[in-house]
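User: Hi! Could you walk me through this one?
Analyst: Happy to, here it is.
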Amino acid sequence: MVESPRLWDRLGGWARRAVAAVLAAPGRAVPHHIGFVMDGNRRFAQAHCMRKIDGHAHGYRRLIDALEWCLELGVRCVSVYAFSIDNYRRSGEEVSMLMALAEDKLAHMLEEFDVLVRHGVQVRVIGDLSLAPVAVQVAASRIMDATAHHTRAVLNLCFSYTASEELHRALDHLAAQPVSSSSDISSSHVSSSSSRSRGVSAAALDAHLYTAGCPPVDLLVRTSGETRLSDFLLWQCRHALLVFTSVLWPEFGFLDLVAAVLEFQRHAPHLQRLREAAELQASTVSCTVASGSVPGGAAELLLQLQPVKWAARRWQDSPCSVASPASPSSRSDDAASEEEALDTTLRARLQHSEAAHVVLRQPELELELAQGCSLKQC
């Protein structure tokens, strides 16, 4: 769905606020946390005979617009994939231009401070910033310091980021903590270098992620027709609705966001039931682990399977541009082989465990393994 810019320019902000009021009416579910994979800047530049860097500049301006739209809808947390660690593999010239653009746009945010102040937005630049040039690190520190006292909303700029690095860092921090007899025993264990295992709860893991303090992602939107997660917020998106649209990010409009939110509201009751069932299952397994009847190795698998099962999924666009499960006929041979290998590997690792029944009898996981790691229809 692509809106007419002229129409919305004529109608102005009051029309957006009116639509937002309808979407946020009592009884309607509004996402607490929306994630954006801002894809298509380079293709937009190519289609309009621009330099690649100009396409990224247009993408930044669209980010500011999208942030304000989300805030008008009542969304309190927005996370955007600004730059992946994997992007450092691009040509040196392009990486240098992107770093210069990042420095410039982070500084430019201070010039557009009225938007951040008006909505009380705290900006967090999250990721392994040690990989970025010093100038970018300084610009990131300035915008974070300037908004640190804001408490009404959060903008996570995921820069020099991958979910794999984030999870590895969080687990390293948890493993380095002294073992205690506190209530941090849940459905997963992290094995140390010795044979000793220690309990780690989902809440403890959340507290050591870059997004600490933010709710889980409710709605993830990826533009440009790509149907991959690309190592973005894997743990945080474990119960999110994934929406893929063919619109290039610089052309992403308010009505595209409205369509995604409407789709989220249509699926919200089912997603809530899934989340509640997962929390109940986690608490049940937590009690079992605490009593000592579930080996640490099997409990460790529960933690590993969460990001793995999401990353292994293959999606295709439905007519309404919402993520839908890939049917057996639509999956490629390579994807089917990969899913079959995943299924075989997981079951082989579980078959010798005394607690295999605990893992395999999780309703959601069992269904996903049976269907080749596809998400069941909402």
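Analyst: One term before we start: two strands count as paired if DSSP finds at least two bridges between them. Also, this is a predicted model.
User: Thanks! Which residue is the bridge partner of G35 in strand 7?
Analyst: That's L220. Strand 1 (residues 33-37) and strand 7 (residues 219-222) pair in the parallel sense, over four bridges.
User: And what is the strand order in the open sheet?
Analyst: The order is 3-4-2-1-7-8, six strands with parallel pairing. Strand 3 (121-126) and strand 8 (241-244) stand at the edges with a single partner strand each, so one side of each has no neighbour in the sheet. On average, neighbouring strands are turned by 15 degrees against each other, ignoring direction.
User: Which strands does helix 5 touch?
Analyst: Helix 5 (residues 92-111) packs on the sheet and touches strand 2 (77-84), strand 3 and strand 4 (153-161). The direction of helix 5 makes about 165 degrees with that of strand 4.
User: Switching to helix 8, how far apart are its end C-alpha atoms?
Analyst: They are 20 Å apart. That agrees with expectation, because 14 residues (163-176) at 1.5 Å a residue should span 20 Å.
User: Which residues of helix 8 are buried?
Analyst: A163, E165, E166, L167, A170 and L174 are buried there.
User: Zooming out, how many helices and strands does the protein chain have?
Analyst: There are 14 helices and ten strands. Of the 378 residues, 51% count as buried. The chain exposes about 17700 Å², with carbon and sulfur atoms supplying 54% of that.

Terms used
Residues numbered from 1 in each chain as written. Predicted model: local features only at pLDDT ≥ 70, side-chain atom pairs only at ≥ 80, totals over all residues. Heavy atoms only, no water. Helix = DSSP H or I, 4+ residues; strand = E, 2+ residues; numbered from the N terminus. Buried < 20%, exposed > 50% of the residue type's maximum accessible area, 1.4 Å probe, protein only. Areas by Shrake-Rupley, 256 points an atom, 1.4 Å probe, with all protein chains shown as cover. Expected span 1.5 Å × (residues − 1). Axes fitted to C-alpha atoms, helices over the stretch in contact; angles between N-to-C directions. Contact = heavy atoms within 4.5 Å.
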